[in-house]
Every structure is written in structure tokens, then in C-alpha cells.
Amino acid sequence: MTEKQFHREVQRWVERFRLQEWDVQTEMLEGEGVSNEDASQVLFYKGHLALIATGKSGSAEDQQLSALHEVLHIALHRLSEIAHRVAKKLPEELRAEIDEQIQMAEEATVIRLTRGITELLEEGS
Ligand SMILES: [Zn+2]
């Protein structure tokens, strides 16, 4: 997949999930070992600016999954942001654990949704 195709794939999901308030930039990175789902990531900046980065060497299928996966993180971002803000008010010794649990719950939700949506698309084609 070219950078342009990846960008288009991401924008397709941004539109589908009605995330138009977000400015989502994309980047494809060189390098080995970036072919699995975990190799992509989304970085958040102030306001509604996000950058999705994925590996150039992954298969087109992995890159498609990455696009959906990372856009789902954007969809859940506000919820996690609020949860982390609440966690900040907890005693120090609890905070790290709760922050980690919030992150893990978000990741698990994104993985479930990615799989479900992918299955739906496969059934429909
Ligand atoms: Zn993730």
C-alpha cells in the first residue's frame, strides 16, 4: 500500500465514524518488524490533531487493519482522556495501575471492534 492509499483508507474510516472534527495525518515508516497490528500507533496532539503511523513493510491487509484499529483509538480518545483525568485525582500508588487498566481496556475494546467490523465486511463481500 502506498502512503496515499493508506491515507485514503484512514480518511474513509474517519468519515464512516463521523470523526470530521479530527484532523488525522498519516505517516508510513521504513523498517522491519512493523508488519503486525501492534506496529502502528496513533499520536495525539493538542486540539483534534492526530497522527497515525504504520510500517511500510507490512502487507496491505495489515495496513488496512491498522487504519481501522488506529481510527477506533481516535473514536475512543475522549472517553480515555476523561478516565485518565479522573485517575489523576487518585492517590499516587493507585494511579499508575488504574492508568494501565484504562489503557488495556481501551486496547481490548479497539481489538474487539476491529475484529467485529472486519468480520462484518468479510460477510458482506
Ligand atoms: Zn491499539
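Biologist: Let's start with the helices. What's the handedness of the crossing where α2 passes α3?

Modeller: It's a predicted model, so keep that in mind. In it, α2 passes α3 in a right-handed crossing.

Biologist: Which residues make that contact between α2 and α3?

Modeller: Quite a list. From α2 you get Leu65, Leu68, His69, Leu72, His73, Leu76, Ser80, Ala83, His84 and Ala87. From α3 come Arg95, Ile98, Asp99, Ile102, Glu106, Thr109, Val110, Leu113, Thr114, Ile117 and Thr118.

Biologist: And how does the contact of α2 with α3 split by class?

Modeller: There are 11 nonpolar, seven polar and three charged residues in the contact of α2 with α3.

Biologist: What's the angle between α2 and α3?

Modeller: About 150°, with the axes 9 Å apart; α3 covers residues 92-124. That angle is why α2 counts as roughly antiparallel to α3, since the cut-off for that is over 145 degrees.

Biologist: OK, what about α1 and α2, how do their axes cross?

Modeller: The axes of α1 and α2 (residues 60-87) come within 9 Å and cross at roughly 40°. So α1 is oblique to α2. The crossing of α1 and α2 is right-handed.

Biologist: Which residues of α1 and α2 make the contact?

Modeller: Phe6, Glu9, Val10, Trp13 and Val14 on the α1 side, and Gln63, Gln64, Ala67, Leu68 and Val71 on the α2 side. By class, the contact of α1 with α2 has seven nonpolar, two polar and one charged residues.

Biologist: Switching to strands. In what order do they sit in the sheet?

Modeller: β1-β3-β2, three strands in an open sheet with mixed pairing. β1 and β2 are the edge strands, each pairing on one side only. From one strand to the next, the twist averages 20°.

Biologist: Mixed pairing, you say. Which sense does β1 take with β3, parallel or antiparallel?

Modeller: β1 (residues 23-29) pairs with β3 in the parallel sense, over seven bridges. To find your way around, look at Thr26, which stands opposite Ile52 in β3, and Val24, which stands opposite Ala50.

Biologist: How many bridges join β2 to β3?

Modeller: Five, and β2 (residues 41-45) and β3 run antiparallel. Phe44 of that pairing stands opposite Ala50 in β3. The two strands form a hairpin with three residues between them, and Gly47 in the turn has a positive phi of about 75°.

Biologist: Which residues of β3 point to the buried face?

Modeller: Ala50, Ile52 and Thr54 point to one face and are buried.

Biologist: Where does α1 lie relative to the strands?

Modeller: α1 (residues 3-16) lies across β1 and β3, running at about 145° to β1.

Biologist: I clicked on Val42 in β2. Is that residue buried or exposed?

Modeller: Val42 counts as buried, because it has 20 C-beta neighbours inside 10 Å. Leaving aside neighbours within four places in sequence, Val42 is in contact with Ala50, Leu51, Ile52, Glu70, His73 and Ile74.

Biologist: How far is Val42 from Ile111?

Modeller: Their C-alpha atoms are separated by 14 Å, and the two residues are 69 apart along the chain.

Biologist: Last one. What's the phi of Arg18?

Modeller: It's positive, about 55°, although Arg18 is not a glycine. Most residues other than glycine have a negative phi. Arg18 lies in the loop between α1 and β1.

Biologist: And is Arg18 buried or exposed?

Modeller: Exposed, because Arg18 has 8 C-beta neighbours inside 10 Å.

Methods: Residues are numbered from 1 along each chain as its sequence is written. This is a predicted model: local features need pLDDT of at least 70, side-chain atom pairs count only at pLDDT 80 or more; totals for chains, interfaces and linings use all residues. A residue is buried if 20 or more other C-beta atoms lie within 10 Å of its own, exposed if 12 or fewer, and partly exposed in between; C-beta atoms are placed from the backbone. Helices (H or I, at least four residues) and strands (E, at least two) are DSSP runs, numbered from the N terminus. Two strands pair if DSSP finds at least two bridges between them. Two residues are in contact if their C-beta atoms, placed from the backbone, lie within 7 Å. Axes are lines fitted to C-alpha atoms, for helices over the stretch in contact, and angles run from 0 to 180 degrees between N-to-C directions. Angles under 35 degrees count as roughly parallel, over 145 as roughly antiparallel, 65 to 115 as roughly perpendicular and the rest as oblique. A crossing is left-handed if the near helix is turned anticlockwise from the far one by less than a right angle, and right-handed if clockwise. Ala, Val, Leu, Ile, Met, Phe, Trp, Tyr, Cys and Pro count as nonpolar, Asp, Glu, Lys and Arg as charged, and the others, Gly among them, as polar.
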